[in-house]
Amino acid sequence: MSDVVLAMDSVVKRFGDHEVLKGVSLQLHRHEVVCLIGASGSGKSTLLRCANLLEAIDEGHVSLFGQNLVDPRIDPDLVRRHIGMVFQSYNLFPHLDVLENVVLGPVRALKRDRAEVEEEAQALLERIGLRDRAHDYPERLSGGQQQRVAIVRSLAMRPALLLLDEVTSALDPTLVGEVLDLLVDLAHRGTTMLIATHEMNFARDVAHQVVYLDAGVLVEQGTPEQIFTNPQHDSTRSFLQRVR
Amino acid sequence: MTIDADVDASKETPNFFAPWHRRLFVGRRGLVASTVSSALIVVAIALLLFVAPGGATFRYVFFDGHNLWLAWVGDPRLGIDSLRDGMVTNIWMFLVSEVLVLFFGLMIAWCRISQSPVLLPFRVLATAYTDVMRGIPLILTMLIIGFGLPELRLPVISSQSDAVYGVISLTLCYSAYVAEVIRAGIYSVPNGQRLAARSLGLTQTVTMRRVILPQAIRNVIPPLLNDFISLQKDTAIVSVLGAIEVVRAAQIFSAATFNESGLTLAAIFFIVLTIPMTRFTDRLLAKDRAKRLVHE
Ligand SMILES: Nc1ncnc2c1ncn2[C@@H]1O[C@H](COP(=O)(O)OP(=O)(O)OP(=O)(O)O)[C@@H](O)[C@H]1O
Ligand SMILES: [Mg+2]
């Protein structure tokens, strides 16, 4: 069996007549971390949303474990249960406490036993040092803590693939480290991740592959060394100069 | 022309002292202003009730202690019923209506916002329903239901009391209002909440029930309360069907005693009803906020 988790093939996505993704192809293997870089508006978020079917694609193919997700017989809810997604703005559920946030998916989507899930959730919270905040409401936590809870909320579903959309962009610079540390830890554990990020140093350190997206076109893809030290395209080079 | 911040240092510095006509309202003097205005209002009312040529009659007709008491306790020997029986009718009518309104309002709102193809006919129906029911004056709905349903001569439906027809009418009318309030509440929940829930693989229904609605309802408790207070007062409209609720009872009381204090008692009844409700929801909201938000 091939170990390709996610495969996107010539994906086109339009909003009205604005073509946001112009035929993007991308493969993600098990245990692989791919970082998506590119200017604001280049289509990173849209690409991630197409991957977990939050947006319907207009042309091309997306497949997960070899199953074509464009097939009308596919149930998107079943697909999403295997793909975690973490957002720039955390999007924790403000009316539920931290533990309930983590437990909701496994209990309501996977119909797992609550006591068992709660135990796992506690262990996950322990791992991010927030076990004693389990019964606090999200708005009482710092941004960094909220984002780590959001990551753990996705992990509780035991996803085969984790999509992260600029998860540190809304954070105070002093809090970015704690979230990135958690991601580094996940990477070392072999979590398959597709990460849209503006943190170039982070991308250089953890990514196996870096993908540069420009105005909906996948311009260049390669190892961090290739992309950061020896970019082949002018647009990649000028982008990297601008963010440095 | 270029627009700029106030960068010209050579300009005269602004003056922050209130002009004379604002003096009464700035700083601590706001208190003085409010005291003065309250005193003026009290004096005006007193003038109306005590100095007006008909003041004494008015006070007797509407605020007579003996008649207020009589309206409250009733007097079987004089054939005067207590207004309390009427009050009980109003109370159960609005309690039952409010539960039904909340349920149907939710259902209608759900139909209206749902994108599910299965619900398409319901969506059309729900939209038509809110348009129609918000357009018809409640008193007309009451008359149509109260006189119309018995005409149908159906089992059960056609043989209910006027108060039950009142509950049906109130539910029909207020469900439309409440549905719109809830719908606005649903739209007020940030889209990120829906995305996060759906990303967890929760179905549309579970997302609605566990994530969107709990937040939506919280956001609309104040306007919802407004509608419920209106509903409580509108239980009085069943009097057009002849049901003996508190206003009808007060009118009967007037006819028997030639005194309108029963109406005053009915007014007091409605005021007393709304106040605990308002306080209760205030407490509820405050508790919820305290629980969720930082308060260091
Ligand atoms: N729902 C939508 N409707 C219309 N246009 C959209 C929608 N979502 C995104 N777009 C457009 O698609 C383009 C790409 O947006 P996207 O959010 O994917 O960019 P991004 O690379 O994630 O940018 P950023 O770094 O700012 O997050 C933008 O021009 C945006 O205006
Ligand atoms: Mg984005």
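Guide: Gly166(B) lies in helix H7 of chain B; helices (H or I, at least four residues) and strands (E, at least two) are DSSP runs, numbered from the N terminus. This is a predicted model, in which local features need pLDDT of at least 70 and side-chain atom pairs count only at pLDDT 80 or more, while totals for chains, interfaces and linings use all residues. Residues are numbered from 1 along each chain as its sequence is written, chains are lettered from A and ligands numbered from 1 in the order in which they are written, and side-chain values use heavy atoms, with hydrogens and water left out.

Gly166(B) is buried because its relative accessible area is 0%; buried means under 20% relative accessible area, exposed over 50%, and partly exposed in between, with a 1.4 Å probe and protein chains only. Not counting residues up to four places away in sequence, Gly166(B) touches Met93(B), Met142(B) and Val238(B), where contact means heavy atoms within 4.5 Å. Gly166(B) and Ser239(B) are 73 residues apart in sequence, yet their C-alpha atoms are 9.1 Å apart in space.

Ala179(B) is also found in helix H7 of chain B. With 0% relative accessibility, Ala179(B) counts as buried. Residues up to four places away in sequence aside, Ala179(B) touches Gly105(B), Ile108(B), Ala109(B) and Thr130(B). Its C-alpha atom is separated by 9.8 Å from that of Cys111(B), a residue 68 places apart along the chain.

The core comes next. The largest nonpolar core has 87 residues, of which Leu6(A), Met8(A) and Leu83(B) touch the most other members. Helix H7 of chain B, residues 162–188, gives the most to this core, with 9 residues. A nonpolar core is a set of buried Ala, Val, Leu, Ile, Met, Phe, Trp, Tyr and Cys residues joined through side-chain atoms within 4.5 Å. In soluble globular proteins, nonpolar side chains tend to be buried together. Setting aside neighbours within four places in sequence, Met8(A) is in contact with Val24(A), Ser25(A), Leu26(A), Leu47(A), Cys50(A), Ala51(A), His61(A) and Val62(A). A second, separate core of 50 residues includes Ala121(A), Leu124(A), Leu125(A) and Leu183(A).

Arg153(B) is exposed, because its relative accessible area is 72%. Arg153(B) has a positive phi of about 50° although it is not a glycine. Most residues other than glycine have a negative phi. Ser10(A), likewise not a glycine, has a positive phi of about 45°. Ser10(A) is found in strand S1 (residues 4–15) of chain A and, at 35% relative accessibility, counts as partly exposed.

In chain A, Gln122(A) has its place in helix H4. At 16% relative accessibility, Gln122(A) counts as buried. Leaving out residues up to four places away in sequence, Gln122(A) touches Leu99(A), Arg131(A) and Ala134(A). The loop between helix H4 (114–127) and helix H5 (143–155) of chain A holds Asp136(A), which counts as buried at 17% relative accessibility. The side chains of Asp136(A) and Arg133(A) are joined by a polar contact of 2.6 Å. A polar contact is a pair of N or O atoms within 3.5 Å; within protein, one must be able to donate a hydrogen and the other to accept it, and residues adjacent in sequence count only if both atoms are side-chain atoms. Neighbours within four places in sequence aside, Asp136(A) is in contact with Asp97(A), Val98(A) and Leu141(A).

That leaves the ligand. Ligand 1 is surrounded by 13 residues, the closest being Ser40(A), Gly41(A), Ser45(A), Thr46(A) and Glu166(A); a residue is near a molecule or strand if one of its heavy atoms lies within 4 Å of it. The largest share of this shell, 3 residues, comes from H1(A). An oxygen atom of ligand 1 is 2.5 Å from an N or O atom in the side chain of Thr46(A), and an oxygen atom of the ligand is 2.8 Å from an N or O atom in the side chain of Glu166(A).
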